[in-house]
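Subject: Structure handover

Hello,

Here is the structure I said I would pass on. Notes on what was found in it follow below.

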Amino acid sequence: MVTQWLPMVAAVAAALLAAIVLWPLRQQGRRSFVLGVVTLGVAGACLYLLVGNPRAAQVQPAPSVATLRDGVEALQQALQRDPQRADGWALLGRSQAELGNVAAAADAFNRAAALAPDEPGVLVEAAQARAQADPGKQFDDTALAWLQRARTLSPEAERASWLLGIALRQRGRNAEAAELWSTLLPRLEPGAAQALQAQIAIAREAAGQPSDTPTAVAPALLQVRVHLPASLKASDWPASTQVFVLARAVGGPPMPVAARRLPLAGFPATVGLGDGDSPMPTAPLSAHREVEVLARISRSGSANRGAEDLQTAPVKVSLPHDGVVELRFP
């Protein structure tokens, strides 16, 4: 059954790579470029049907990374000759992100956003790439402005609203995030809406507002034991100090897939993380096979990492995870 999809996969892969390799044809017109991409995509599928060996395809690794790197180099050269192509810079950003080059991806999307300030999709991708390249995975002021403009240009853009809500919560603007996320509820499926309602309730609680929706307690999928430094004295830290326990997707988007915030006085302690702690209903903790877990002591109590905050090294775990993940501060 798997092999019946391979021609389609071959066509898609060929088309994606063709979009990079054939980029110089854009100078000869959009029609030439599109025809080239489609032709190579179809040719890839047909070639597979004629000479492909399904068994070999299952056991031999495809040289996709090397080919993608070659395509990126060709695209970079084409953009040097024609640097005013916003779609070219966006394609380069996606390709660099696929290769794990987050800084290069952010730079490419910066160029794309500057050339296409009225393209909401480009602005959202640029904001996410910029946050991914940030050491603290934070949406800075530029990324925030891009998300706000994207939502202004396309109020129905769900991804822009989700990420904008995350950016607002990172700044402690919990009431605004809750109000923004509330606008998404009518457009979500029941399961996703219920998960988002839980996050809205958390944001409202953090803002000191009453929660309109009772939240069910989701079962913990991950148990984390946080050990404080032996030299740490709670009396040396302000009353606002909070401990954040976070789970992030390995190589995924910048925001955590699960997060808990607890007062410093309650530690050391074991903290459970579940889908109810997921900030985005479309990407709950249970949807990930692997996450990295870490803890941070925030002197200000803010999710934004400060210069005086303490943070553990991330620990990579597979889900579902049995036992307890041990986190220790340096």
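Accessible areas come from the Shrake-Rupley method with a 1.4 Å probe, and for residues only the protein chains shown count as cover. On that basis the chain exposes about 17,300 Å², of which carbon and sulfur atoms supply 56%.

This is a predicted model, in which local features need pLDDT of at least 70 and side-chain atom pairs count only at pLDDT 80 or more, while totals for chains, interfaces and linings use all residues. Residues are numbered from 1 along each chain as its sequence is written, and side-chain values use heavy atoms, with hydrogens and water left out.

The chain has eleven helices and eight strands (DSSP runs numbered from the N terminus: helices are H or I with at least four residues, strands E with at least two). Of its 330 residues, 41% are buried, meaning under 20% relative accessible area with a 1.4 Å probe, protein chains only.

Helix H6 covers residues 102–115. At 1.5 Å a residue its 14 residues should span 20 Å, and its end C-alpha atoms are 20 Å apart, which agrees; the expected span is 1.5 Å times one less than the number of residues. Buried in H6 are Ala105, Ala106, Ala108, Phe109, Ala112 and Ala113. They cover an arc of only 165° around the axis, which puts them on the same side of H6 (the arc is that of the directions from the helix axis to the C-beta atoms). Their cover includes helices H5 (86–98), H7 (120–133) and H8 (141–153).

Regards

Technical notes
Buried < 20%, exposed > 50% of the residue type's maximum accessible area, 1.4 Å probe, protein only. Contact = heavy atoms within 4.5 Å.
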